[in-house]
Amino acid sequence: MKKLGIAGILIAVLAVFTLPSRGLDQPNENVRKLMRHKLEYSQGVLEGLCVEDFPMIVENTKELGNISKAASWNVIETPEYAVYSAEFSRAVKDLAEAAENKNLDGATLAYVGMTMKCVSCHKYVRGIRVAAGESVSPEFELQTAANVLR
């Protein structure tokens, strides 16, 4: 049962931390690579939380913070996206602080908060893409997620 729960969490993290590419035929390679790294580091945070390895949590959180500062992080230029990005950065900072203080419950809660920020932002970006007439079908999302894992 425990393995099933961890597998479920990892699948949820995959779904949350994969941003649709800018087009099915020509995905933006920088965004794709960035999201792959974001996924890897978020999985590292989750692993650190599960085994109570605070240095692992801190290191992966630091990398997530670095990713959010990358130029390719800004996939769209809207005031709303800027707010989502700032909220994610604050959530990452909260997670790092809790991990540095060896507060497992606080770090876990901050991780959930960070994940919620990601879900909200990805939902927003998908909405923008729909308004622009781009495909965001479940099949497209799954294919994009599979591409990120390659």
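Which elements do the buried residues of α4 pack against? They pack against α2, α3 and α5, and the stops below work towards that arrangement from the whole chain inwards. The model is a predicted one, in which local features need pLDDT of at least 70 and side-chain atom pairs count only at pLDDT 80 or more, while totals for chains, interfaces and linings use all residues. Residues are numbered from 1 along each chain as its sequence is written, and side-chain values use heavy atoms, with hydrogens and water left out.

**Whole chain**

Begin with a cartoon of the protein, which shows six helices and zero strands, in the order α-α-α-α-α-α along the sequence; helices (H or I, at least four residues) and strands (E, at least two) are DSSP runs, numbered from the N terminus. Of the 150 residues, 38% count as buried, where buried means under 20% relative accessible area, exposed over 50%, and partly exposed in between (1.4 Å probe, protein chains only). If contacts are drawn (heavy atoms within 4.5 Å), residues 24 or more positions apart account for 68% of those with a separation of 6 or more.

**Helix α3**

Next select residues 54-68, which form α3: its 15 residues reach 21 Å from the first C-alpha to the last, close to the 21 Å expected at 1.5 Å a residue, the expected span being 1.5 Å times one less than the number of residues. Colour F54, I57, N60, T61, L64, G65, I67 and S68, which are the buried residues of α3. Seen down the axis, these buried residues fall within an arc of 155°, so they line one face of the helix; the arc is that of the directions from the helix axis to the C-beta atoms. On the face turned away from this buried side, P55 and K62 are exposed. The buried residues of α3 pack against α2 (29-51), α4 (79-100) and α5 (104-131).

Now move to the start of α3, where a side-chain oxygen of D53 comes to within 3.0 Å of the backbone nitrogen of M56. At 48% relative accessibility, E52 counts as partly exposed. Most residues other than glycine have a negative phi.

**Helix α4**

Select 79-100 for α4, whose 22 residues should span 32 Å at 1.5 Å a residue, in agreement with the 32 Å between its end C-alpha atoms. Its buried residues are Y81, S85, F88, A91, V92, L95, A96, A98 and A99. They cover an arc of only 165° around the axis, which puts them on the same side of α4. Turn the view to the face away from that buried side to find the exposed residues P79, K93 and E100.

After α4 comes K102, in the loop between α4 and α5, where phi is near 55°, again a positive value in a residue other than glycine. K102 is exposed, with a relative accessible area of 57%.

**The nonpolar core**

Which residues of the largest nonpolar core touch the most other members? Among its 28 residues, these are Y81, L95 and M114, a nonpolar core being a set of buried Ala, Val, Leu, Ile, Met, Phe, Trp, Tyr and Cys residues joined through side-chain atoms within 4.5 Å. The elements giving two or more residues to this core are α2, α3, α4 and α5, and the largest share, eight residues, comes from α5.

Centre the view on L95, which touches V45, I57, T61, A107, A110, Y111 and M114, not counting residues up to four places away in sequence. From there step to T61 in helix α3, which at 1% relative accessibility counts as buried. With the sequence limit of four places applied again, T61 touches V45, V92, L95 and A96.

**Last stop: D105**

Finish at D105, in helix α5, which counts as exposed at 65% relative accessibility. Draw a C-alpha to C-alpha distance from D105 to L49: these two are 56 residues apart in sequence and 9.0 Å apart in space.

Notes. Polar contact = N/O pair within 3.5 Å; in protein donor to acceptor, adjacent residues only side chain to side chain.
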